[in-house]
Amino acid sequence: MNFVLGAVDYVGRAVLHSVEEAGRIFQLFLSVLAWLVRPPLRLRPIFKQMEFVGVRSIFVVVLTGTFTGMVLALQTYHGFRMFSAESMVGATVALSMTRELGPVLTALMVTARAGSAMAAELGTMRVTEQIDALYVMAANPVKYLIVPRMVASVVMLPFLTIVSDFVGVVGGYFVGVHLLRINSGIFMKNITKIVELDDIFNGLIKAAFFGLILSLIGCYKGFNTTGGAEGVGRATTEAVVLASVMILISDYFLTALMF
Amino acid sequence: MIQIIDIHKSFGRQKVLDGVDLDIEAGKTTVIIGRSGGGKSVLLKHIIGLLKPDRGQILVEGVDITKLNDRDLNEIRKKFGMLFQEAALFDSMTVGDNVAFPLREHARMSEAEIREIVADRLRAVGLSGVEAKMPSELSGGMRKRVGLARAIAMRPRIVLFDEPTTGLDPVMTEAINQLIIDTQRNYDLTCVVISHDIQSIFRIGHRIAMLYEGKIVASGTPDEIRASQNPVVRQFLSGSIEGPIKVI
């Protein structure tokens, strides 16, 4: 009996904690919106974050996008060959990249690179009292630290996704046409025939939403860090895990709504 | 200048402040002493509105800051400067940008004027010409001095010091003490210092208050505190393990 009560108690506490945390994250989001529209809007810190989140992620996004497109072409080729549908490899790669893999993989990569850095940076600022120093100097840390990171992430994720989509298709083309000898004209024609602009745009909307999630969670975890260096490590890990899970869960619901 | 009236604060079940009453006089340095982890920093954070009390009032020039919204609190905060324990310099900025930060945020000045003030404040703390350095290139004592330069950048009327000499060698401790004395005098500041460094306390304090078990148990001039018969004060000043302050 005690064991059952203990288990119920544990689950109850976990649920309460999660609901409370979701509420706090939403509160932070509202606070970011409020500070976003309150002048002055400083562009310099936003551009600095855009460079960090966007420009410096290009290499890793190109790498993952290219190999994902390549492996997708390889896998679908072997499957489609059984139905003599090799000509559909290009369209399948392009559709998968634009609708799903481009935005999701880009978001996961940026979470690992920039989301973790946001949590670690803000967490360090919290435990070394730099955030308190901002308050003392009558500078709001949400405006100064979080708004630029969120704006940069929401703006840059779609751009990175375009890059990922493009190199994914190029990778697929290379494997399909050059290695597996699919006719180049058919490969390209089926892409243009099947992939519509909406597929690309909806993928980009997803990417912007993922940018919001990864920056909001990264900043929230960092901003609420307690417990010194160990706390910073914990906040960083929690930020990456929670943001990645939320990206994958929200991807399902966004897909169900859009397509 | 600052009146702390019956401040209570608990974190969970732990009661940290249990009815603190203290008057901080204008143009003087008040040192709050007490054990490590005894609530001194918590009290300091209440004075500048970083923490809200569960009960009680903090009047800054007659205004109860515990009731203010963020905007009004920020206006009050412009009267304050604060030197944090580890200086809390922004490590992504140069020393010059750190000192210029409050000026760029709040003062409508040209870059040339800001640069002039930054140079003046750095000169005041004995660190001319370090504007381009990063905080990571500085020693602990230098970081604290830059922290002080930043704290006085806006010519505040009140400066709070959170254990300014902790972790410094005796020579640097004396240098920081002298700097606090000079800065207080030159800028006509009201200073609140929290510390448990006995030598520094008597060196810099015009008034000393002892915080123990969430209350101010004694306050007065350095001579009055030295002559205090309060057993807590006597034990704290003598550093004895025998007495009402429990070691474990």
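Trainee: In which sense do S3(B) and S8(B) pair, and over how many bridges?
Mentor: They pair in the parallel sense, over 5 bridges. Please keep in mind that this is a predicted model.

Trainee: Which residue of S8(B) stands opposite B:Thr29?
Mentor: That residue is B:Cys191.

Trainee: And how does S3(B) pair with S9(B)?
Mentor: Those two strands also run in the parallel sense, with 4 bridges between them. Within S9(B), B:Ile208 is the bridge partner of B:Val31.

Trainee: Is S3(B) buried or exposed?
Mentor: 5 of the 5 residues of S3(B) are buried, so the strand is largely enclosed by the rest of the structure.

Trainee: Which way do the residues of S3(B) point?
Mentor: B:Thr29, B:Val31 and B:Ile33 point one way, while B:Thr30 and B:Ile32 point the other way. The residues on both faces are buried.

Trainee: What is the strand order of the sheet that holds S3(B)?
Mentor: The order is S6-S7-S8-S3-S9-S10 in chain B. It is an open sheet of 6 strands, and its pairing is mixed.

Trainee: Which strands stand at the edges?
Mentor: They are strand S6 (80-83) and strand S10 (215-220) of chain B. Each has a single partner strand, so one side of each is left without a neighbour in the sheet.

Trainee: What about S7(B) and S8(B)?
Mentor: S7(B) and strand S8 (residues 190-195) run parallel and are joined by 5 bridges. One pair to look at is B:Ile158 with its bridge partner B:Thr190 in S8(B).

Trainee: Which helix lies across S3, S9 and S10 of chain B?
Mentor: That is helix H9 (residues 231-238) of chain B, which runs at about 105° to S9(B).

Trainee: Let me turn to the other sheet of chain B, with S2, S1, S4 and S5. How are its strands paired?
Mentor: The pairing is antiparallel, in an open sheet of 4 strands with the order S2-S1-S4-S5. Strand S2 (14-24) and strand S5 (63-64) are the edge strands, each pairing on one side only.

Trainee: How many bridges are there between S4(B) and S5(B)?
Mentor: There are 2 bridges, in the antiparallel sense, between strand S4 (residues 55-60) and S5(B). B:Leu59 has B:Asp64 as its bridge partner in S5(B).

Trainee: What domains does chain B have?
Mentor: The domain assignment gives domain 1 (1-79 + 158-248) and domain 2 (89-156). Their C-alpha centres lie 25 Å apart.

Trainee: How many residues does each domain of chain B bring to the contact?
Mentor: Domain 1 of chain B contributes 13 residues, and domain 2 of chain B contributes 13 residues. On the side of domain 1 that touches domain 2, the elements giving two or more residues are strand S7 (158-162) and helix H6 (170-186) of chain B. H6(B) gives the most to that side, with 5 residues. By class, that side of domain 1 has 9 nonpolar, 2 polar and 2 charged residues.

Trainee: Now for chain A. What is it built from?
Mentor: Chain A has 9 helices and 0 strands. Its C-alpha trace spans about 65 × 60 × 30 Å along the principal axes. Of the 259 residues in chain A, 45% are buried.

Trainee: At what angle do H1(A) and H8(A) cross?
Mentor: The axes of helix H1 (residues 2-37) and helix H8 (residues 197-223) of chain A cross at roughly 110° and come within 10 Å. The two helices are therefore roughly perpendicular to each other.

Trainee: Which residues meet there?
Mentor: A:Ile25, A:Leu28 and A:Phe29 in H1(A) meet A:Leu216, A:Ile217 and A:Tyr220 in H8(A). By class, this contact has 6 nonpolar, no polar and no charged residues.

Trainee: Lastly, how many residues of chain A are in contact with chain B?
Mentor: The contact involves 10 residues of chain A and 15 residues of chain B. The side of chain A that touches chain B divides into 6 nonpolar, 2 polar and 2 charged residues.

Key: Residues are numbered from 1 along each chain as its sequence is written. Chains are lettered from A and ligands numbered from 1 in the order in which they are written. This is a predicted model: local features need pLDDT of at least 70, side-chain atom pairs count only at pLDDT 80 or more; totals for chains, interfaces and linings use all residues. Two residues are in contact if their C-beta atoms, placed from the backbone, lie within 7 Å. Ala, Val, Leu, Ile, Met, Phe, Trp, Tyr, Cys and Pro count as nonpolar, Asp, Glu, Lys and Arg as charged, and the others, Gly among them, as polar. Domain bounds come from an automatic or database domain assignment. Two strands pair if DSSP finds at least two bridges between them. Axes are lines fitted to C-alpha atoms, for helices over the stretch in contact, and angles run from 0 to 180 degrees between N-to-C directions. Angles under 35 degrees count as roughly parallel, over 145 as roughly antiparallel, 65 to 115 as roughly perpendicular and the rest as oblique. A residue is buried if 20 or more other C-beta atoms lie within 10 Å of its own, exposed if 12 or fewer, and partly exposed in between; C-beta atoms are placed from the backbone.
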